[in-house]
Amino acid sequence: MTVKIFASALEAAEALAAALVDELRVRPHLVMALPTGSTPLPMYAALRRTAADEPQLLAQARTFNLDEFAGVPAGDPASYRSYMERELFQPTGMSARQVGFLDGCADDLEAECDRYERQIAGAGGLDVAVLGLGGNGHIGFNEPASVLQARTHITTLEPTTRLANARWFGHDLNRVPHRALSMGVGTLLGARRIMLMATGAGKRRAVSELRSGRVTTQVPASLLQCHPAVTLWLDRDAATY
Ligand code: GLP
């Protein structure tokens, strides 16, 4: 595991964006798993700026988002799909055929999870998975549990995760879904490279546990220690332990 520590959250996010840009210049057909959350916002801002100067940068890339809320329509401003449309897809002109997304309102959610796995496999698998980190050690929406799911699945959100996500729902906890769809840990570990970003003191404990040398399903991110090509992009606050 490679660890990169930056003076600020902004620097960490911009450095990660620069690394992705380098990768995209070499491999324009890059297949990326992408996160939502507050942490990656400056990364998407940096990607938008670079793509404005290099319109071809993302023209052939494929993306698959890590997760989506169950029961929230794609067009709802609180959906992760809407977040991605705002932050990356629309400003950079990415087309629908480049974008893979879980439909949290599909009639059959289990079939939707299977469809997503097939779509990722059909794209040749993930070249790079860019991940955030939950304060409780979750990756995507793989929550701490005695058993984790390998593949894309329906997951139940922890109270702390619902609270952390209330900001996308006007801070109204009653509106935050109890369930979500998420890539599984096997889907993520199948990526050829993993880049995880974590910033702020609220992530310090989870970062410490994910580097502890112990692997436990109670800290899903700790499974990343089994992957041969993981880089952590941290600011000082998340890295001090
Ligand atoms: C959500 C997402 C995760 C993300 C996490 C951290 O729960 N499902 O993929 O990593 O939030 O978000 P933030 O960056 O806002 O702390």
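I began with the largest nonpolar core, which has 42 residues, and looked for the members that touch the most others: they are L20, M43, L58 and L88. A nonpolar core here is a set of buried Ala, Val, Leu, Ile, Met, Phe, Trp, Tyr and Cys residues joined through side-chain atoms within 4.5 Å. Buried means under 20% relative accessible area, exposed over 50%, and partly exposed in between, with a 1.4 Å probe and protein chains only.

The model is predicted: local features need pLDDT of at least 70, side-chain atom pairs count only at pLDDT 80 or more, and totals for chains, interfaces and linings use all residues. Residues are numbered from 1 along each chain as its sequence is written, and side-chain values use heavy atoms, with hydrogens and water left out.

I asked which element supplies the largest share of the 42-residue core. It is α1, with eight residues. Helices (H or I, at least four residues) and strands (E, at least two) are DSSP runs, numbered from the N terminus. I then listed the contacts of L58, leaving out residues up to four places away in sequence: L24, M32, A51, L88, T92, M94 and Q98. Contact means heavy atoms within 4.5 Å. A second, separate core has 37 residues, including Y116, A123, A129 and M183.

**Aromatic pairs**

I searched the whole structure and found nine aromatic pairs. Rings of Phe, Tyr and Trp (its six-membered ring) pair if their centres lie within 6.5 Å; planes under 30 degrees apart are stacked, over 60 edge-to-face, and the rest tilted. F69 and F141 have ring centres 5.7 Å apart and planes at 50 degrees, so this pair is tilted. F69 lies in strand β4 and F141 in the loop between β6 and β7, so the pair ties together parts 72 residues apart in sequence. Both are buried: F69 has 0% relative accessibility, and F141 has 1%.

F141 also pairs with Y80, and this pair is stacked, at 5.8 Å centre to centre and 15 degrees between the planes. Y80 lies in helix α3, so this pair ties together parts 61 residues apart in sequence. Y80 is buried at 5%. F69, Y80, F141 and F169 form one aromatic cluster.

**Largest pocket**

About 380 Å³ of space lies in it. Of its 25 lining residues, G37, L133, G134, H138 and K203 are the closest to its centre. A pocket is an open set of points on a 1 Å grid over the protein atoms alone, where a 1.4 Å probe fits, with protein on both sides within 12 Å along at least five of seven lines; lining residues have an atom within 4 Å of a point. Grid points are joined across faces, edges and corners, and the volume is the space filled by probe spheres set on them. Helix α5 gives the most to this lining, with four residues.
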